[in-house]
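Please examine the sequence and the three-dimensional structure shown below. A guided explanation accompanies them.

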Amino acid sequence: MTQLPGNLQTIESHFLDLQSLHPGASGDFTGLLNDITFAAKIISREVTKAGLVDILGATEEENIQGEVVQKLDDYANRIFLKCLGKRGQVCIMGSEEMADPIFVPANQGSGSYIVVFDPLDGSSNIDANVSVSTIFGIWRRHSRRQHVCTEDLLQPGSELVGAGYIVYGSSTMFVYTAGHGVHGFTLDPSIGEFLLSHENIATPFQGGLYSCNEAYEPFWPGPVTEMVHELKRGRGPYRGRMTSRYIGSLVADFHRNLLYGGVYLYPPTSDKPEGKLRLMCEAAPLAMVVENAGGYASDGRRSIMDIAPTDLHQRVPLYIGSREDVLWIEKKLSEPDGSL
Ligand code: AHG
Ligand code: MN
Ligand code: MN
């Protein structure tokens, strides 16, 4: 007879357990997380069959970032908008793929939550069957005005009430935090459920992996190059030489380092002084995840969580992962001769 595993929990029942920690909760946050889960299942289905249907390859369009939009990027974006918009818990939706946020009109049941997402991160890897991901961050609306505006949208990571990602890899995993630990769920496609597989993820305080695109080394500020050389020589907090792992798909790199320990870095370069990654839809949500797992995220000087955005598509240098490693990097780059 097949034995049932001891800890059989679906993501939906985990969300309900979370809700029970907040007596008087309306259920809107739970509903929102369920909508994200539903979107994730649909995107996962499309990503896994991408090699089978004529959905691979780029469209002719460029997005607001000036990058070629992949067909699956566009599909994932539309699925997210459709799933999030339907129950009225969301008042603003911001996407990496859209120049402007969507402000839900008050007469359509403008809700209490703001969701910013990258519908498909790492999409340039799709044609090579490399892991891609969805990243999301959830903020609460603070104003009581009738119509929401940009001011409601532009909040720092410290105000996030939930964040997470779905990585479409060798299996599909949903990792989220709502401030009560970081939990990972693996999709069982045969029953269409995300099952709890990684409860209370704690990232190592130090790690042996560093992940960056070293092709940019000639264009990094000198102190960044020096700092990476020290990591390689084993002069960082990790007692040993660190080794390199770089997929070039942010969440896949981040997720591996979260589990094994290490740092992901995307420093500024001479041609991209702000770095490449986006504060609101990439860096801040992952910063909330890593902090709740015991790690840390910095722009090289300060916590990513403390940066108040001035624009939905604002970019930021990113150093994220094991706490002691990232604090050491921040200290190195903040030294008087470490100026960026
Ligand atoms: P996106 O596909 O959403 O535009 O983001 C891609 C990002 C991220 O996934 C990855 O870590 C980084 O771009 C890789 O950039 P480089 O090719 O410059 O290393
Ligand atoms: Mn992205
Ligand atoms: Mn993207």
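Predicted model: local features only at pLDDT ≥ 70, side-chain atom pairs only at ≥ 80, totals over all residues.

Residues are numbered from 1 along each chain as its sequence is written, chains are lettered from A and ligands numbered from 1 in the order in which they are written, and side-chain values use heavy atoms, with hydrogens and water left out.

An open sheet of 5 strands has the order β12-β11-β13-β15-β14, with mixed pairing. Its edges are β12 (243-244) and β14 (296-298), each of which has a single partner strand, so one side of each lacks a neighbour in the sheet. Strands here are DSSP runs (E, at least two residues), numbered from the N terminus, and two of them pair if DSSP finds at least two bridges between them.

Strand β13 comprises residues 262-266. On one side, β13 runs parallel to β11 (residues 209-211), joined by 3 bridges, and tyrosine 210 stands opposite valine 263. Tyrosine 210 also stands opposite serine 244 in β12, a strand that runs parallel to β11 and is joined to it by 2 bridges. With β15 (residues 318-321), β13 pairs in the antiparallel sense over 4 bridges; here leucine 265 is opposite tyrosine 319.

In a regular strand, side chains alternate between the two faces of the sheet. In β13, Gly262, Tyr264 and Tyr266 lie on one side and Val263 and Leu265 on the other, and all are buried (under 20% relative accessible area, with a 1.4 Å probe and protein chains only).

The manganese ion (ligand 3) is coordinated by Glu96 (OE), Asp118 (OD) and Leu120 (O), at 2.2 to 2.5 Å. Donors are N, O and S atoms within 2.8 Å of the metal (3.2 Å for Na, K and Ca), and sites may look incomplete, as water is not among the atoms. Glutamate 96 bridges this ion and the manganese ion (ligand 2), the two lying 3.5 Å apart. Glutamate 96 is in the loop between β3 (90-95) and β4 (102-103), and leucine 120 is in strand β5 (residues 113-121), so the pair ties together parts 24 residues apart in sequence. Both glutamate 96 and leucine 120 are buried.

Technical notes: Buried < 20%, exposed > 50% of the residue type's maximum accessible area, 1.4 Å probe, protein only.
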